[in-house]
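Here's a quick briefing to read with the model open.

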Amino acid sequence: CEREDKMTKLIRITERDNVAVALHAASKGETLKAGDAVVTVREDIPQGHKIALVPLAAGEAVVKYGFPIGHATEPVEAGSWVHTHNMRTNLSGEEEYAYEPSVPEIEAAEPETFQGYRREDGRAAVRNEIWIIPTVGCVNDVAKKLVSDNQDLVSGSIDGLYTFPHPYGCSQTGDDHAQTRKLLAALARHPNAGAVLVLSLGCENLQHDQFVEELGEYDPERVKFLTCQDVEDEFAAGRTLLEQCASYAGRYRREAVPVSELVIGLKCGGSDGLSGVTANPTVGAFSDMVIARGGSTVLTEVPEMFGAEGMLLSRCVNEQVFGKAAAMLNGFKDYFISHNETVYENPSPGNKKGGITTLEDKSCGCVQKGGTAPVADVIGYGEQVTAHGLTLLYGPGNDLVSATALTAAGAHMVLFTTGRGTPFGAPAPTVKIASNSGLAARKPGWIDFDAGPVADGEPIAEAAKRLYALVLDIAGGRPSKTELLGYREIAIFKNGVTL
């Protein structure tokens, strides 16, 4: 990034950019510098928004992050505000991608350890919880009452008892039925769940035998099943099974686990114009640190890769992974087109208010979370991470759906960057990272980490070290803000008919 030490109001992210980002609000008449460019501000520019560094002709590409993020719709003078009133996206439909590899190398580092759990099958975990998984929405309230009535079982090394209500599991067909089954079974396999009670009604589409088949091989001491229609008192039967779950999960104790076994999900939401300048690059540098130590990170939100494909595809480790990535991108575009929706119906109103103008603008900021490491693998919705390194996961941009998908993929923790703030939490510990210090100060009950100092000169590498230390603390048992609030939710990707 090009930056002027004495004038910290503007940042030119790369030397190819013809716009800069206002790190702090800029006033009409100010003369500001960004790299070699000096501009006189022609109108008030809000924090996080773009300012033209050179005159732009109508139709000329607007370049930020070194990539086109759209085009000017009218002549724009140097020093002018560049936003929705004078620029538009370049995106349309599917593209043909060519593999032009430029696979970076990440220098290996010795992994530190955190205080985690070691499961019977050898997997690592950062929490030792009991999870109740409803197979159908009809038993949501039963599951919630079982949680509230049995909190006395949370003792010793058991970190909590939780359930994840959802409206599905019945009246679904085809891919939707399969996705619900796959997602819930993946959650039941999650290592942070020391023990699991799978709670069914009995007459739903998602039958017990289907769930067991999807789950695959499992430890009957760890996973218990209760079908409410088969017992006289589901609460008494549930209590007995939860006592067995607590007896099993209570055997585990924290021990030193190397960082090479961590799987960290990468997510953003409620983004602003600083997200791609402060919080997301900090998470990207953190991701590189984890991967250098042999660990794994997972990047999803496929629609928020549109327009930033060049930042990812060349980093695929081989042509096979490239092919999977290209198919994932065009497959998601097909999903939009098949519903007669434009692929660029994004960003949200809040994104735009924060300074993000087009989907390319949002995407180029979003993929910063993936750092610079090679793309080691691409996996589908509900599939598990198996590769060490950076994995791309098929999933939408929606915060709850994508964070749930990251958890189901095996992420021990989800790092969630935000410029405007959001309170929700996924089943895995969800760590909120503010792009600006104003948000961190205004919402201390939501925000775990302030990346705002990057806007005032803190090197991204130093911010990443701060974040790395926090992640190890949270992996070792320190609760995230969402955990302190008890906020844990899931949302399942849905596409088809409801009967």
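How are α2 and α9 oriented to each other: roughly parallel, roughly perpendicular or oblique? Keep in mind that this is a predicted model. The helices α2 (residues 174-188) and α9 pack at an angle of about 55°, and their axes sit 8 Å apart. Angles of 65 to 115 degrees count as roughly perpendicular and those under 35 as roughly parallel, so α2 and α9 come out as oblique to each other.

**Where the two helices touch**
- On the α2 side, the contact involves Leu183, Ala186 and Leu187.
- Across from them, α9 brings in Thr404, Thr407 and Ala408.

**The seven-stranded sheet**
- This open sheet has parallel pairing and runs in the order β20-β21-β19-β18-β22-β23-β24.
- Its edges are β20 (375-379) and β24 (449-450), each of which pairs on one side only.
- At the β24 end, two bridges link that strand to β23 (residues 430-434) in the parallel sense, and alanine 434 has aspartate 450 in β24 as its bridge partner.
- Helix α9 (residues 399-408) shows up again here, lying across β18 (263-268), β19 (296-299), β21 (389-393) and β22 (413-418).
- The direction of α9 is at about 170° to that of β18.

**The four-stranded sheet**
- Here the order is β14-β13-β15-β16, again an open sheet with parallel pairing.
- The edge strands, pairing on one side only, are β14 (160-163) and β16 (223-227).
- From one strand to the next, the twist averages 15°.
- Strands β15 (residues 193-200) and β16 run parallel and are joined by five bridges; valine 196 is the bridge partner of valine 223 in β16.
- Helix α1 (residues 140-149) packs on this sheet against β13 (129-134), β14 and β15, at about 170° to the direction of β14.
- Helix α4 (residues 234-249) packs on the sheet too, touching β13, β14, β15 and β16, and makes about 160° with β15.

**The chain as a whole**
- Twelve helices and 24 strands make up the secondary structure.
- The radius of gyration is 23 Å, close to the 23 Å the globule rule gives for 499 residues, so the chain is as compact as a globular protein of that length.
- Its C-alpha atoms fill a box of roughly 75 × 45 × 40 Å along the principal axes.
- Of the 499 residues, 58% count as buried.
- Among contacts with a separation of 6 or more, 72% come from residues 24 or more positions apart.
- The accessible surface is about 18,800 Å², with 50% of that belonging to carbon and sulfur atoms.

Conventions:
Residues numbered from 1 in each chain as written. Predicted model: local features only at pLDDT ≥ 70, side-chain atom pairs only at ≥ 80, totals over all residues. Heavy atoms only, no water. Pairing = 2+ DSSP bridges. Contact = heavy atoms within 4.5 Å. Axes fitted to C-alpha atoms, helices over the stretch in contact; angles between N-to-C directions. Rg over C-alpha atoms; globule rule 2.2 N^0.38 Å. Buried < 20%, exposed > 50% of the residue type's maximum accessible area, 1.4 Å probe, protein only. Areas by Shrake-Rupley, 256 points an atom, 1.4 Å probe, with all protein chains shown as cover. Parallel < 35°, antiparallel > 145°, perpendicular 65-115°, else oblique.
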